Amino acid sequence: MSGPNIIAGLSLDRLERITRHLDENYIQPGKLPCAVTLVARHGKVVWTNAQGLMDVERNKLAQRDTIFRVYSMTKPVTSIAMMQLYEQGRFLLDDPVHKYIPAWKNLQVCKSGTWPDFETEPAATTMTIRDLLTHMSGLTYGFLNRTNLDAAYRELKLDGGGHLTLDRLIERLTELPLEFSPGTAWNYSVSTDVVGYLVQLLADKPLDDYFHEHIFAPLGMEDTGFQVRDEQLARFAACYLHQPGDTMKLQDDPERSPYRRPANFLSGGGGLVSTVDDYHCFAQALCQGGEFRGQRIIGRKTLEFMRRNHLPGNQDLPAMSIGAFSETPYEGSGFGLGFSVKTDVARSLINGSVGEYGWGGLASTNFFVDPEEDMVVIFMTQLMPSSSYAIRQELRALVYGALV
């Protein structure tokens, strides 16, 4: 079906509801600084819009080429990088992690206590590379603020800090116990940073160089990386922190941001900046079975394998998760090798398709790919934490409501 206001089966009039909804409910009331949204279908960008201020303090309007901190939307990139190496026979998913990090051979699980005096017991299972890719490794994140082990991660600044490097992260994790025996539960964690370390190890080159050579350059993602270059600074957004009373305060000034300096810690879990169009190139390659504009970054069957639900017994996140935090609603969602995967649309209480997959970032960015509808949606803003508002669920309702 097509017409003057319908492109690729999407109503442009209905997509404009996104602009009004975000403006009236988030940007004008001062809940969000800005939003840049992109919707593509059948390989074509159908609708995109930039609204609000990318830098409130300097009164700078958001633009389509604004550069955003995508935080955990780095994880799918790192997972694709790792699976590129899988396609070359460099490792198997059931390989024990200690095959590549020998110091991790006799991992312990935390029973009680606080850092540095944890009471531990030997892990009942061996951590595999699949456990890292699915967040079933037993590792955690400091910012989850749930357990004494989380507190140790915060104390040691393992979520990222001025002195952290990938090598240092691995050393520190060697000294700490796990939350649970690998493969027995799901917990959002630094697992993907460990995957980034393994990419460096297996490819024998720094993670930023690997990303550039094997993903960013082939896809034409010139604005994506671990650092904001001088010539990009004018397009770099400010980042904000949600405050009580639905207000926000400046969290990271673009001109003084750590992203302006070369990164010591090449975080495969959350270190990248990107634009809506750059990230669309990556997401569109996923939607098209691993290829975009004649450049293939991953094999079709490998990608099919990655976007299956890899949780044991096809369970969903509520059945497996020990924590409450995720970048996706739990109900009706499983987890693949680097993405959340929708397994039950009705149970999820959010419109969509079985098999839809994607992920989000700490500053409320989000993307998803719907293979059934041949559709990609990218949403960029800069408000931490991502749990501040239910924008992602609302965005899905608005986008799917525009399909005709």
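Phe-367 has Ile-378 in S18 as its bridge partner. The two strands concerned, S17 (residues 366-370) and S18 (residues 375-380), run antiparallel and are joined by five bridges. Strands are DSSP runs of E with at least two residues, helices are DSSP runs of H or I with at least four, and both are numbered from the N terminus. Two strands pair if DSSP finds at least two bridges between them. The model is predicted: local features need pLDDT of at least 70, side-chain atom pairs count only at pLDDT 80 or more, and totals for chains, interfaces and linings use all residues. Residues are numbered from 1 along each chain as its sequence is written, and side-chain values use heavy atoms, with hydrogens and water left out.

S17 and S18 belong to an open sheet of eight strands. The order is S5-S4-S3-S18-S17-S16-S15-S14, with antiparallel pairing. Strand S5 (60-61) and strand S14 (333-335) stand at the edges. Each has a single partner strand, so one side of each lacks a neighbour in the sheet. Helix H1 (residues 12-27) packs on this sheet and touches strand S3 (34-41), strand S4 (44-55) and S18. Contact means heavy atoms within 4.5 Å. The direction of H1 makes about 15° with that of S4. Angles run from 0 to 180 degrees between N-to-C directions; axes are lines fitted to C-alpha atoms, for helices over the stretch in contact. Helix H8 (residues 276-287) lies across S3, S4, strand S16 (357-360), S17 and S18. H8 runs at about 150° to S18.

Helix packing was examined for H2 (residues 74-87) and H6 (residues 191-203). Their axes come within 9 Å and cross at roughly 35°. On the H2 side, the contact includes Lys-75, Met-82 and Leu-85; on the H6 side, Val-195, Gly-196 and Leu-202 are among the residues met. The contact residues divide into eight nonpolar, four polar and one charged. Here Ala, Val, Leu, Ile, Met, Phe, Trp, Tyr, Cys and Pro count as nonpolar, Asp, Glu, Lys and Arg as charged, and the others, Gly among them, as polar.

The whole structure holds 15 aromatic pairs. Rings of Phe, Tyr and Trp (its six-membered ring) pair if their centres lie within 6.5 Å; planes under 30 degrees apart count as stacked, over 60 as edge-to-face and the rest as tilted. Trp-186 and Phe-335 form a tilted pair, 5.6 Å centre to centre with 55° between the planes. Trp-186 sits in the loop between helix H5 (166-175) and H6, and Phe-335 in strand S14, 149 residues apart. Trp-186 is buried at 0% relative accessibility, and Phe-335 is buried at 1%. Buried means under 20% relative accessible area, exposed over 50%, and partly exposed in between (1.4 Å probe, protein chains only). Phe-211 and Phe-226 form a stacked pair, 5.8 Å centre to centre with 15° between the planes. Ring pairs also link Tyr-141, Phe-143, Trp-186, Tyr-188, Phe-335 and Trp-359 into a cluster.

Strand S7 (residues 108-114) pairs with strand S8 (residues 117-122) in the antiparallel sense over six bridges. A hairpin of two residues joins S7 to S8. Gly-113 has Phe-118 in S8 as its bridge partner. Ser-112, in strand S7, is partly exposed at 32% relative accessible area. Beyond its neighbours within four places in sequence, Ser-112 contacts Asp-117, Phe-118 and Glu-119.
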